[in-house]
Amino acid sequence: MHSVRFKAMGSPCELRLYGANAELAARAAQAEVARLEAKYSRYRADSLATRINESSGDATGVEVDLETARLLDYAGTAWRESGGRFDVTSGILRRAWNLKAGRVPSRAEIDALLPLIGWEKVAWLAPRIALPIAGMQIDFGGYVKEYAADLAAAKCRELGVRHGLIDLGGDLAVVGPHPDGRPWRIGVRDPRAPERALLYLALSSGGVATSGDYERCMVVDGVRYGHILDPRTGWPVRGLASVSVAADACLVAGTLTTSAMLRGEGGGAWLDALGAASVWVDEMGRVGGSLARGALPSEQRAPLRANAQSTAARA
Amino acid sequence: MHEKQQRRARTRRRAERRNAVREARRGRGTLAVLTTSALALIPGLAERATAQSQENGWSLQYGYSMYSEGSIAASKVSAGSRQRYDIDTHQFRLDAPIGSHISLGFDVAYEKMTGASPWLIEPNLAGDPVVVMTGASIVDARTDFLGSVTFVGEKSRTSLTGGASLEDDYTSINFGFGREKDFNEKASTFSWGVSFSTDESDPRATSFTPSPVKHKKKSGSFSMGLGQVIDRVSVAQTSIVLLYADGFLADPYKLVSSGGVNLVDRRPGTRTQVAWLTRYRRHIERAHGSFHADYQLNWDTWGLLANTVELGWHQELFRLFTLAPSVRYYSQSSADFYAPYFAAGLTAAQDASSDYRLSPYGAIAFKLRADVNVAELIKLPHARIGLQYEHYQSGGEFALSKVGTENPALVDFSVMMVTLKTGF
Amino acid sequence: MQGLKLALLLAACAGASACQHVEPWERNLLARPDMAWEVDDLAATQENHTYFSKEAAMPGGGVGGGGCGCN
């Protein structure tokens, strides 16, 4: 097995590939991730994301390529399907919620930002996108890492690799099972003891994404504030400690975990009713979801590092 | 105080869960809708998603079709109604996978026919054949049931089918076994099957029924075929079907005219038919469309030889619907014992038929089909609406080889069809 | 049966030499609904039944059910 570790999109990443072409495929997959980071990072002055954001207030907007058009279409679908919760314009809330500063913003600070948020305000008619209000921003960060994992896996398959796993900071896409046909064993973290695995999932295709309130948060006066911000209120959503979803694509899994986290208390029940393959833990420590029911209880609380072949949420 | 707060929190949590479930039910297709939207982004996802949905999804289909035959020209009729058949058909189909290895299928079709049909053909004073039609009073209904069980393996599918077709005057019961096997890493699929059917006709005694006697027929078929992936955008399939029938194969409602004397339609007691079908599909990426070509050669022991070619183009438009025009050409020779009418002196032992279906002719049909994907719109997985129109025209002039005397009862028809499909 | 299968396999291989090797994950275009042998099951059943009752040739696509439906 060929294994490569690198850092991309602000997260530790790992590719594990089998076969003659593994090295070549790993390079190609890594290049694909780097390409997407350069194109969609809002931290880079020369990225497309920055170019779109700099055009805010200009009604003519920016013309985008086919890939971006499809990503924007997807963002629209996710926004609709999540009842307006999954919103690529909500990234601007981070201005008020600086988790590193450890300060709870005032109501007025949040309210000043809300008018700039809302996918329904974006003028998106392929191939042209316009952010009509000056200061509005699009943030691809909410789903481009998942998309990158899927693309990297597709790239490996294109280069003849049939067995492997892509892990971009806990967003996983399966290239194919182990060469002997065994599925990948994927540990899901215990959100209140992130060094331990709550349970293991067996996966031979598709992808898994995880979202947890332990990833980035701050505690002020004993109250925990997570990084999952509701675009409709501007405040962090509470209720779920972590959610993992398995789907045909990591991208879809990621959209579902984010949407479920944004639903707070009701997120787990929502996933169950959708028929999604999930495992979730709420703030009270209760575990639920269709995947939890099939998991082996004896493996609960096992040390994560010792036998995990991958970690779902390295954060 | 503390207890009260806890209770309030519990009530709120319960309400939130209830709301979430309600919303999820409303948007039950969310998973499918997101996956569909991701298809355009991620190479190879389509295949994975299709494989999954085929395994997991129950689906229900309904079809309604209005079939209408053009009325027969006055110059070709000597007596009876000129109004020919109209048929309304309702079809239902349920596909129900039980677990990942067994799939059940149920089909029901109900059709209602009204109109008149050709009864016999006789020469007019000029010697040209003209049709005597039955009265327009015929009303008939047919109900068709079909059940199937398919055992789905990693690389094979085995299915058992059983069905019945019921009419007042005709009953058919059929059984079948079929097996498909993938090899070459699923780039090739070999299939074979056998089926058996037993039919009984019990013609209604009307003033137009020459032989109101019960008759039986048995038939058995064997088929095999091979499908092959040619490259990333094209596939082909070739298959052969052999059908052997034994028993009463004539039409109890038809007469033949022999020198002014009317005799019953009489055909050989056995018939062996062979059909060889080859199909080709090719996707053109640049055009977002697919080309379809089908060719079929038919041969049988009654002396009939037929060729069918169908060409179609399926154009995807705005990722929302598909528009598919197609054209079908058909040509057949005549049966050995066919004539529009016979000279005097036909004996009871001789086979004779004037059925237009056994006459030499050709036909050309134009079809236009639209498929609209409404899965996102109504949030049901795989929800789709299909609309199809076909116009079929037949005549001696369309045949591959020159036709001396055209059967006057040859039919033109049009069919309008609506099909609805949804997963759940 | 075994011999027949072998013969078919050979025929397929001979034919397949004209075919490219297509990896399973490259078959997404082949899985498109407009690439199906029958785009619509119900419509195909109905069409075949109509041709079967109007023409001498039997449909080769495999007709489920039977019945006369003749007129």
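**Exercise 1. How many helices and strands does the secondary structure of chain C come to?**

Solution. Start with the basis. This is a predicted model, in which local features need pLDDT of at least 70, side-chain atom pairs count only at pLDDT 80 or more, and totals for chains, interfaces and linings use all residues. Residues are numbered from 1 along each chain as its sequence is written, while chains are lettered from A and ligands numbered from 1 in the order in which they are written.

Step 1. Apply the rule: helices (H or I, at least four residues) and strands (E, at least two) are DSSP runs, numbered from the N terminus. Chain C has 2 helices and 0 strands.

Step 2. Check confidence. pLDDT is the predictor's confidence in each residue, from 0 to 100. Chain C has a mean pLDDT of 70, and 51% of its residues reach 70 or more. Over residues 62-71 of chain C, pLDDT stays under 50. For the complex, the predictor gives an ipTM of 0.87 and a pTM of 0.62.

**Exercise 2. Describe the contact between chains B and C.**

Solution. Step 1. Count residues in contact (C-beta atoms, placed from the backbone, within 7 Å). Chain B supplies 76 residues and chain C supplies 42.

Step 1. Locate the largest share on the chain B side. Strand β15 (residues 270-284) of chain B gives 7 residues.

Step 2. Sort the chain B side by type. It divides into 26 nonpolar, 32 polar and 18 charged residues. Here Ala, Val, Leu, Ile, Met, Phe, Trp, Tyr, Cys and Pro count as nonpolar, Asp, Glu, Lys and Arg as charged, and the others, Gly among them, as polar.

**Exercise 3. Trace the open sheet of chain A and the helices that pack on it.**

Solution. Step 1. Write the order of the 8 strands: β1-β2-β6-β7-β10-β13-β14-β15, with antiparallel pairing. Strands pair if DSSP finds at least two bridges between them.

Step 1. Find the edges. β1 (2-8) and β15 (287-288) of chain A each have a single partner strand, so one side of each lacks a neighbour in the sheet.

Step 2. Helix α6 (residues 250-262) of chain A touches β7, β10, β13 and β14 of chain A, and its direction makes about 155° with that of β13(A). Helix α7 (residues 267-274) of chain A touches β13, β14 and β15 of chain A, at about 165° to β14(A). Axes are lines fitted to C-alpha atoms, for helices over the stretch in contact, and angles run from 0 to 180 degrees between N-to-C directions.

Definitions and conventions. Two residues are in contact if their C-beta atoms, placed from the backbone, lie within 7 Å.
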